[in-house]
Amino acid sequence: MENLDLEKLKYPIGKFEVPKEFTSKYILDKIEEISTFPERLKKEVTPLNDEQLDTPYRPEGWTVRQVIHHCAESHMNCYIRLKWALTENNPIIKPYDEKLWSELPDNLTMPIAPTLNLLEGLHFRLSYIMRNLSEVDLERSFIHPENNSEYRIQQIIGMYAWHGNHHLAQIVNLKNQKNWK
């Protein structure tokens, strides 16, 4: 497989791009994408059987099951980071090794239903708090220690909307490639 093909499988909607301006329309659109992510994901993955869930979305990539569990883990971290940014002054957040997490037994073998339920509640909370942010709140930030970069909440909203859409596209592409209904 060529690098270009592999890159398209890894990033079917492209990599996240920070917008030049965080307009209120952009923020509201991204919050809506976050709000609807669990429903859109559930629609795509509920019909899949265990063999399909245990199929990697690309060569040497995670299985659909791992992607679903990863989304919950990543978005739980988003929620905690958002709360830290809203309650502390530019805190340094704790990173996690998503690859190692993906190799734990729950990510490899656990049914997806509990994770889909978790995502529903989590995304309700995420979108609820995001819809109630002030302009000042949107400017609050945290520091990610892996690259010592500052991330503002408005950017985090865009990144996590992209993140959900990114992984959903990986699953949809696999389903289309395999002709799964």
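Guide: Let's begin with how the chain contacts itself: among contacts between residues at least 6 apart in sequence, 76% join residues at least 24 apart, a contact being heavy atoms within 4.5 Å. Before going on, bear in mind that this is a predicted model, where local features need pLDDT of at least 70, side-chain atom pairs count only at pLDDT 80 or more, and totals for chains, interfaces and linings use all residues. Residues are numbered from 1 along each chain as its sequence is written, and side-chain values use heavy atoms, with hydrogens and water left out.

A quick tour of the whole chain comes next. There are nine helices and two strands; these are DSSP runs numbered from the N terminus, with helices being H or I of at least four residues and strands E of at least two. In sequence order the pattern reads α-α-α-α-α-α-α-α-β-β-α. The chain is as compact as a globular protein of its length, because its radius of gyration is 17 Å, close to the 16 Å that the globule rule gives for 181 residues. That radius is taken over C-alpha atoms, and the rule is 2.2 Å times the number of residues to the power 0.38. Along its principal axes, the C-alpha trace spans about 45 × 35 × 30 Å.

As for surface and interior, 45% of the 181 residues are buried. Buried means under 20% relative accessible area, exposed means over 50%, and partly exposed is in between, using a 1.4 Å probe and protein chains only. The chain exposes about 10,300 Å², with carbon and sulfur atoms supplying 53% of it; the areas come from the Shrake-Rupley method with a 1.4 Å probe, and for residues only the protein chains shown count as cover.

Another polar contact, at 3.0 Å, joins the side chains of Ser141 and Glu150. (A polar contact is a pair of N or O atoms within 3.5 Å; within protein, one must be able to donate a hydrogen and the other to accept it, and residues adjacent in sequence count only if both atoms are side-chain atoms.) Leaving aside residues up to four places away in sequence, Ser141 touches Ala85, Asn90, Pro91, Glu150, Tyr151 and Arg152.

Next, look at Ile93, in the loop between α4 and α5 (98-102). Ile93 is buried too, with a relative accessible area of 3%. Again not counting residues up to four places away in sequence, Ile93 touches Arg81, Trp84, Phe142, Ile143, His144 and Pro145. Ile93 and Ser74 are 19 residues apart along the chain, and their C-alpha atoms are separated by 13 Å.

The structure holds five aromatic pairs. One of them is formed by Tyr96 and Trp101: the pair is tilted, at 4.4 Å centre to centre with 45 degrees between the planes. Another tilted pair is Phe142 and Tyr151, whose ring centres are 6.0 Å apart with the planes at 40 degrees. For the terms, rings of Phe, Tyr and Trp (its six-membered ring) pair if their centres lie within 6.5 Å; planes under 30 degrees apart count as stacked, over 60 as edge-to-face and the rest as tilted. Both Phe142 and Tyr151 are buried.

For contrast, step out to two exposed residues. Glu60, in the loop between α3 (50-53) and α4 (64-87), has a relative accessible area of 82%. Its phi is near 60 degrees, a positive value in a residue other than glycine. Asn179, in the segment after α9 (153-178), counts as exposed at 56% relative accessibility. Asn179 also has a positive phi, about 60 degrees, although it is not a glycine.

One last stop is Lys175 in helix α9, a lysine that is buried, with a relative accessible area of 6%.
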